[in-house]
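Take a look first, then follow the headings below.

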Amino acid sequence: MKQLAILAVTVISLIEAYRLPTNVMPESYRLEIVAPFGEKNNFDFEGKVWIETSCVTPTNNITLHSKGLEIDKTHVRLKDISSKAGKEIKDLKISFNTEHDFLIIAFDQTLTEDHRYEIYIPFKGKLDDSLAGFYRSSYTDAKTKEKKWLGVTQFEAISARRAFPCFDEPAMKATFDISIARKDGYKSISNMPLLSTEPMEDKPGWYWDNFDISVPMSTYLVAYVVSDFHYKEAEPIDNNNVTFRIWSRQDAIDQVDFAKDVGPKALRFYEKFFNIGYPLPKQDMIAIPDFSAGAMENWGLITYRESYLLYDPKVSAKVSQHSVASVIAHELAHQWFGNLVTMKWWTDLWLNEGFATYMASVAVDHLFPQWNSLQEEGATDMLSVFSFDALRSSHPVSVPIGDPKEIDEIFDTISYKKGSSLIRMMSLFLGEETLRAGVSNYLREHRYHNAEQDDLWHSLTVAAHKKNTLPKDLTVKTIMDTWTLQTGYPVIHVERDYKNGSVEITQERFLRDTIKLKGDKKPCWWVPLSYSTESHSDFDTTTPKYWLSCGYEESSQTIEEIGPETEWILFNNKMAGIYKVNYDEKNWLLLSKALKSDFTKIPTLNRVQLLADAADLGYVGHQKYDVFFDMLGYLKEETEYLPWKAALGKADALKNYLIRNPIYGVFKNYMTSLLSPIYEKLGGLAMANEENFDKLDKIKFQVLIVSRSCRYGVEKCIEDAKTMFNKWKSAPNDTNPVPKDLRSAVYCTALKNGGENEWNFLWNKYQQSNVATERNSLLNVLGCTREIWLLSRYLEWSLDDTKIRRQDTSTVFGAVAGNDVGYYIAKKFFFDNVNKIFKHLAPNKRRITRYLTSITSHMQDVDELHELSYLIDHNKENFSEVKQGVEQALETVKINIQWQQMHGKSIHDVLQKFSKI
Ligand SMILES: [Zn+2]
């Protein structure tokens, strides 16, 4: 396709300025770091690095990365080490290009092709609180109340250069030989096992820890931690000789048992699934008190935010157990996808993240089949993609990256969830066996090297043709390029000819912005078409009956003899393909009628799809909103979690639109009458412990219904929650009567209907808690109060390190902005403090997008759009680093305005009509 090709050419020329030259390539690093812990208030560190390189093309300069490090130019050395003598290259001229973080070593002599050269650079740095590079974290010891420090690394995507000078690009793989000096009483860990420890000659009480040399890997995967943490070691599985340890601060060491159980099992699962052994002799996983991301897959030393590794069965909710298992499985999947085979450049980040996300859902389902989570994760990811990727300002899965500063912005829904949904789609149209065979070959072929998506397409095509799961004249590349190189996804229009029993299918991009722009492209996709009809239910077959092709003149597809006119037809069995389906109104009504008479005839995932599609097509005006509300009529019979989740997700979006509208009362009554019966049916706040203990979907279902019932004002829910909360508050040292999973919903309701007293009670609980999952849900709950001054103070505290950890600052903002009253306060706070917030988040400014999405979902008139545009224009420097986030925010507000113009008045009649039914 022409447009894409032109785009690619322009981007390549832009990229070159940011990329390292490839005339000299690194082969091995020898790194020595002296970490300062134990010396009061000393956060300086010192290091030396020797990098062995090979000269690929003759050159008289070497460029590598360094950022924020102090480099003693006079001691930098360069030696030709091809011969034993080690001839030194003299008169080095060292300079810096701070815009691109370049450290340039120039010299008069020309380096010889195929010779090997060693670069030596001594450097100094500071452990700061930026949560990037080699940084500091802290915790308070429960017994001594003393503040303890630790040093930890976070390098992905481009922060290794903050810790030591290096060739900081994913394709510049090398081995790492690391030694860390630390004071007695501390321990250091790194990617590889500890080989030896020896006293430092000139520093009594200090020791060198020497680690084994690593396998070839990318710089962003290097890691080391210096701390006084403790660990528990897991039992080996199937004698695979991998030493598996879970580390945490001592006060939380009794919370590592779940990870200790899951980690080795997940690792073993992948070894079997990919048919490739885990290549390192050990795997450490450590819970870090201050951590910017959720977790980081450093090879052999995975770092986690505490709430994603630690689990306390006495305190943590069951849903937290699920997220801990998921995150562990995600990071371990990266040991193959990302670590063993790495993307050539960040453009293909989705290969890392999409696969890790998809494989985690498969692994968790294998380890905990009783949780029924595979279906849930597939559906939840698709629903997020449907929403995010319907923005014009979304981006392709495989995204050209120019300035490496833009990399952080693509760690988003598209790389993770659309990536994962695409792999799920391939698994369903090629078959799981084909996917597994293709992927295993891909990993085997490229191990210890880098690859791009075409390499994966090739392996999959070979496997598919061998197993006859794809027509010989079709390749995976032909199909998948239409999904990964283009933004968005299609809606297919199914037009039935009821007289002759045929259907005609066409496609277009599904956009939430309904105003057609001049010059709008007409993209197309290779769409796998599967379907079922009332008398030919074929929902288990996800291999396509037809392909809606792309790239030919005629891209519509006619299917004959599809069924009698009185029967419904439903496309996209099991929601296997990433597309929406729009039918003519008559077929919609047939489907709606079918759900009402016996919803079990249509499987859960397709019920999810019908509800989501009906709502979204109503939203953009492809269908009348009546279709969605008519369909909601069947929900009172629905017994499964996922269709309710889809329906209530759509209702929540409507709530944001209606909350400032005089007709909100009608909507609220509609919602309470929808929710009251199911609230009662599921047992209200009484968790049926025994029966549901391991049924995660049942627990999630009850949590969903309770939280929405209380939120929309089901009286019984509010009364029950208040009573239960007060019972606990009056005897806080007794066993908490609120079931663990319902605590967030109950506390939130109590705060919403309470005052300062309730807030202080929960704030104290937050401060006293030693369990990160509990602390995290309390942080969210504290935003539920309606006391304006409390919300304002809470926001102030979000920028105060003594009150709220830097990693949690955007959680607090999101909690306040998500509250109907809090939105106005949050918006004002954001506008008043935008520079301060950027400073607080630096260098990871991407986290500002959480602020933007929190407020823009509520903004819906032209004045608000102007206010936001003004703010962005007047803080250009900061916002220029989150270009995509800004575009997505502005587009969201524009769409909200369109919705108000299109439906703001007419929704009244729809609500009136369906309230009566
Ligand atoms: Zn990941």
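Glu297 sits in the loop that links strand S20 to strand S21 (301-305). Helices (H or I, at least four residues) and strands (E, at least two) are DSSP runs, numbered from the N terminus. Please keep in mind that this is a predicted model, where local features need pLDDT of at least 70, side-chain atom pairs count only at pLDDT 80 or more, and totals for chains, interfaces and linings use all residues. Residues are numbered from 1 along each chain as its sequence is written.

Is Glu297 buried or exposed? Glu297 counts as buried because 23 C-beta neighbours fall inside 10 Å. A residue is buried if 20 or more other C-beta atoms lie within 10 Å of its own, exposed if 12 or fewer, and partly exposed in between, with C-beta atoms placed from the backbone. Leaving aside neighbours within four places in sequence, Glu297 is in contact (C-beta atoms, placed from the backbone, within 7 Å) with Ile302, Glu331, His334, Gln335, Gly338 and Asn339.

Met296 belongs to strand S20 (residues 295-296) and is buried too, with 23 other C-beta atoms within 10 Å. Beyond its neighbours within four places in sequence, Met296 is in contact with Gln154, Glu156, Ile302 and Thr303. An unreviewed UniProt entry lists Glu156, Met296 and Glu297 among its "binding site" positions; UniProt positions are given in the numbering used here, feature names are shortened, and annotations may be inferred rather than shown by experiment.

## A helix with a buried side

In helix H22 (residues 788-797), the buried residues are Leu790, Leu791, Tyr794 and Leu795. They lie on the same side of H22 because they cover an arc of only 135° around the axis, the arc being that of the directions from the helix axis to the C-beta atoms. An α-helix has 3.6 residues a turn, so residues three or four places apart point the same way.

The buried residues of H22 pack against helix H20 (756-768), helix H23 (809-817) and helix H24 (822-841). On the face turned away from that buried side are the exposed residues Ile788 and Trp789.

## Contacts between helices

Val262, Lys265, Ala266, Phe269 and Tyr270 in H3 meet Ala363, His366 and Leu367 in H5. In the other pair, Tyr625, Asp626 and Phe629 in H13 meet Ile907, Val910 and Phe914 in H29.

Methods: Contact = placed C-beta atoms within 7 Å.
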